[in-house]
Amino acid sequence: MTDALPAFEGEEALIVTGISGRLGRRLTRLLHRQGRVIGIDRRPFPDRPSDVEHHELDLRSGRVRDVFRRAPVRAVVHLGVLHDPRKSAQDNLAYNVLSWRRLSEWVEQVGVSKLVVLSSANVYGPRPENPHFLSEEAPLLAAGRFSDIRDLVELDLASQSFFWRRPETETVILRPAHILGTVTNAPSNYFRLAHPPTLLGFDPMIQVVHQDDVVRAIVLALKPGIRGIFNLAGPPPVALSRALQLLGRRALPVPHGLARAAVDQLFRWHMTSFPAPELDFIRYVCMVDDTRARSILGYESRHDLTQTLSSVDDERWVD
Amino acid sequence: MRLVLDPRTALARIADVKNYGAPWFSRLREGVRSAAHQLGVKLLGEDFDDRIRILEERYREAGDPFGFDPATARRAVAICAFFHRLYFRTEVFGIENVPAGRVLLIANHSGQVPIDAAIIGCALFLDKDPPRVTRSMVDKWTASLPFVSAFFNKVGQVVGLPENARRLLGMGELLLAFPEGIRGVAKPFSRRYELEEFGLGFMRLAIETETPIVPVSVIGAEEQYVSLGNLEWAARALDIPVFPLVPQLLVPGGQLPLPTKYRLHFGEPMYFHGDPDDDDQVIADKVWLVRQIIAHQIRSGLRARRGVFF
């Protein structure tokens, strides 16, 4: 796994925001022996390796500047994106856009040469009229049907404008398909259900990608000279019904109107964290073409479909 | 008298039935089985399983990215074969003109319900060697319909967008497109066998990907449902593309299409060169050539046929 890692030298540090999340911790474990890793997160990072420096800070606070000033920063990986459907869209938007704004200011002031932002393929939005495989140039239309996802779209757009505005910093935007693994996100939670509901009469093709493949893509993106937007897909796409079958889950088909009303009501009663409009992700196609990542980034998915899917059942307290 | 049920005599009686009744019964069963087999062979051909196997092998390792599923296709072809062989008694001409590898089939569209696409797909699967999977370009609207969208995915239909078509041609697939689109299907009976305007997108795609075009004409589909016209306000109210007025639907059994005789003519492949981003006028001239060939095939086909139903 170490073959593709770029060399880090001396005191130069890698700053990882949102380091206490599962992706952040896995990235840290992969990189901390090769160079200095500094974490910024509001959450504590209790079991961190002893050579990792951690700051329990809100990204919007002024003290983040001291972290940037203290050590020469070689690269920043921005994983500290918060998308809590329970919070109001306003709060999410304010947090993500403002923390991005501050972060990009520090990156600009200190003159960091590399910035990696983890966006998501969800920003394209599931739509019946989508091409089967969306390229990086496709418009980000997710917020059209589902306005609560506006913060993630906004973040992606802000990163793009930073990419153009500041050519001195190599900005990389990664848009992975549904990340599966021990991570806490909607697709992994969905596949962990014993009886995942599906929409009666709909069986879209989906793409899933293993969390470790995404971590490796982040590492690859740190290589000097890499810049731009990259879609990330895992193993070949699969029909949702087939994915559930491979996992041994018993699907629960529900007509769309009923499912929407039920999920809406359950959400209001705090019995689910899936917002009803997100049902479109199991209704319409939202898949990406990752040719660019495979040719330029040298990315490949090392986990096959069965491994990727079954990773949602891995013991989650281990890491 | 008390009836004594002795297990031994009961067994003996069963043995009797087996000895005297069974030969007759098993002969009947054999007869039914062989009749079913013969019907199956008549509909699907001797080598149906081999044909399915060819497909399964083709999509084995990675599967089809668009969701084609040979098992579903097998069932769909089996149902479709009934219509193809017995109901519409399709006559297929020139199917050997369809070249191997990537190819774009351009056909006239008609008949209110796109049965013509299913019959073309069925013919290319059952009558062509080696069998081909037809990937037809369907309207975006169908992707939002429950059941239809899932079924179309599984039998290899794809939303008709240039990106999708480009990828499929890159995979060496056979594409079927109806450049008349929904206007062609929804034509009233009075305008049968008149071609609507053709879209230009298919020609740009063919030039760009250097794909041969095979013009296909379908005769017989126009008469399957007799439409008196289109109720635009009803279509608008229901948010569907067209609302054809088909009186036969009100007659019991009229929901099935009329058993017209289908005739498919596959023309010789046409090759086009030039700049795919050329002016509309230049592209339209090339499209006109394809349209003329299809119109000619329809005219000569109509002249040759003796009647609508035979």
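Trainee: The radius of gyration is taken over C-alpha atoms, and the globule rule is 2.2 Å times the number of residues to the power 0.38; what radius does chain B have?

Mentor: Chain B has 25 Å, whereas a compact globule of 310 residues would have a radius of gyration near 19 Å. Its C-alpha atoms fill a box of roughly 100 × 50 × 40 Å along the principal axes. Please note that this is a predicted model, in which local features need pLDDT of at least 70 and side-chain atom pairs count only at pLDDT 80 or more, while totals for chains, interfaces and linings use all residues. Residues are numbered from 1 along each chain as its sequence is written, chains are lettered from A and ligands numbered from 1 in the order in which they are written, and side-chain values use heavy atoms, with hydrogens and water left out.

Trainee: Which residues have the most contacts inside the largest nonpolar core?

Mentor: They are A:Leu27, A:Val77, A:Leu174 and A:Leu297, in a core of 34 residues. Such a core is a set of buried Ala, Val, Leu, Ile, Met, Phe, Trp, Tyr and Cys residues joined through side-chain atoms within 4.5 Å. Among the elements of chain A that give two or more residues to this core are strand S1 (13-17), helix H1 (22-31), strand S6 (170-176) and helix H7 (211-221). H7(A) gives the most, with seven residues. Helices here are DSSP runs of H or I of at least four residues, and strands are runs of E of at least two, numbered from the N terminus. Apart from this core lies another, of 33 residues, including A:Met287, B:Leu104, B:Met270 and B:Phe272.

Trainee: What does A:Leu297 touch?

Mentor: Leaving aside residues up to four places away in sequence, A:Leu297 touches several residues, among them A:Leu174, A:Ala217, A:Leu220, A:Phe230 and A:Arg292. A contact means heavy atoms within 4.5 Å.

Trainee: Back to H1(A): how many of its residues are buried?

Mentor: Seven of the 10 residues of H1(A) are buried, including A:Arg22, A:Leu23, A:Leu27 and A:Leu31. The buried residues of H1(A) pack against S1, strand S2 (36-41), S4, S5, strand S7 (178-180) and H7 of chain A.

Trainee: New topic: how many aromatic pairs are there over all chains?

Mentor: There are 15 aromatic pairs over all chains. Rings of Phe, Tyr and Trp (its six-membered ring) pair if their centres lie within 6.5 Å; planes under 30 degrees apart count as stacked, over 60 as edge-to-face and the rest as tilted. A:Phe202 and A:Tyr284 have ring centres 6.1 Å apart and planes at 90°, so the pair is edge-to-face. This pair links distant parts of the chain, 82 residues apart. A:Phe202 is buried at 6% relative accessible area, and A:Tyr284 is buried at 4%.

Trainee: What aromatic cluster does B:Phe82 belong to?

Mentor: B:Phe82, B:Phe83, B:Tyr87, B:Phe88 and B:Tyr262 form one aromatic cluster. B:Phe82 is partly exposed, at 37% relative accessibility.

Trainee: Which charged end sits over the ring of A:Phe133?

Mentor: That of B:Arg167, at 4.1 Å from the ring centre. The rule asks for NZ of Lys or CZ of Arg within 6 Å of the ring centre and within 35 degrees of the ring normal. A:Arg86 likewise lies over the face of A:Phe267, at 4.1 Å from the ring centre.

Trainee: Last one: what order do the strands of the chain B sheet have?

Mentor: The open sheet of seven strands runs S1-S7-S6-S2-S5-S3-S4 in chain B, with mixed pairing. Strands S1 (91-93) and S4 (158-159) of chain B stand at the edges with a single partner strand each, so one side of each is left without a neighbour in the sheet. Two strands pair if DSSP finds at least two bridges between them. Strands S2 (103-107) and S5 (174-177) of chain B pair in the parallel sense over four bridges, and B:Val103 has B:Leu174 in S5(B) as its bridge partner.

Note on methods
Buried < 20%, exposed > 50% of the residue type's maximum accessible area, 1.4 Å probe, protein only.
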